[in-house]
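Subject: Backbone notes on a model

Hello,

Here is the model we talked about handing over. Please look through the backbone with the notes below at hand.

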Amino acid sequence: MRRIRFKGVEKKAEVEDNVETFPDEQVLATSLEVLPWYVDIIYYPENGIIPYDLSSVQKKKFFHDCRMYLWVEPYLFRICIDNIIQRCIPEIDQAFVLQACHALPYGGHFGGVRTTAKLLKLGFYRPALFKDAHFCVKSCDECQHTGNISNRHEMPLNPIQEVEVFVVWGIDFMGPFVSSYGNKYILVAMEYVSKWVEVMAFPMNDVKRVIGFLRKNIFT
């Protein structure tokens with residue numbers, strides 16, 4: 001800080017330094033973090049704190065919704081109607097998860113409904129999920145440049161079956177072959193995703209052999 005003094009009629013200004021020190025002076029830095037949308041759901045079971053600006057109807061809905069959530073630090077999970085547990089997504093992770101389910105090679109730049117289905121299949125949950133997914137699709141630069149393709153110019157589509165590992169198997173008999181140790185047929189089972197193969201020789205190609213093969217090699 002500087003102080004200006006005037007001397008005499010000429011009013012000459014003399015500037016002198018005024019050193020002022022504050023022994024306890026500190027510079028404090030504060031950071032404001034965005035609280036997740038489920039912060040009230042976490043605080044209520046732990047501390048019994050409910051939002052003060054809720055009406056009576058909103059309080060009943062809030063108490064009902066709290067029973068559907070499970071807090072396992074540091075994540076909050078939602079128990080759906082079909083007893084499937086899904087992890088709740090905070091705002092800071094929303095854009096990344098939606099972008100991964102839409103724009104990455106796994107996403108395939110599908111529409112809002114398919115993008116939401118992929119996100120739910122991965123085990124994530126967020127209120128207004130369909131609305132956020134549609135907004136993500138509309139804001140995708142690559143999708144907007146591609147635009148809508150008319151039926152005249154579109155390529156024929158082949159359905160692709162999305163399955164998990166060890167869910168879909170292909171089973172068939174090979175033979176008959178020349179008898180070897182009393183066996184004339186070979187039963188081959190292949191898993192569609194991992195291409196895992198199980199092979200066993202049988203003397204007959206009947207249903208009884210197939211059931212025994214499945215019990216011994218697939219279901220156990």
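Helices (H or I, at least four residues) and strands (E, at least two) are DSSP runs, numbered from the N terminus. The model is predicted: local features need pLDDT of at least 70, side-chain atom pairs count only at pLDDT 80 or more, and totals for chains, interfaces and linings use all residues. Residues are numbered from 1 along each chain as its sequence is written, and side-chain values use heavy atoms, with hydrogens and water left out.

Cis peptide bonds

Start with Pro176. This proline sits in the loop between β7 (169-174) and β8 (185-191). The bond that joins Gly175 to Pro176 is cis, with omega about 5°.

Next, Pro74. Its loop runs between β3 (69-72) and β4 (75-79). The peptide bond from Glu73 to Pro74 is also cis. Omega there is near 10°.

Positive phi

Tyr181 belongs to the loop between β7 and β8, and Pro176 lies in that loop too. Tyr181 is not a glycine, yet its phi is positive, near 55°.

Ala128 is not a glycine either, and has a positive phi of about 55°. Look for Ala128 in the loop between β6 (124-125) and α5 (129-138).

How accessible are these two? Buried means under 20% relative accessible area, exposed over 50%, and partly exposed in between (1.4 Å probe, protein chains only). Tyr181 is exposed, at 85% relative accessibility. Ala128 is partly exposed, at 48%.

Best wishes
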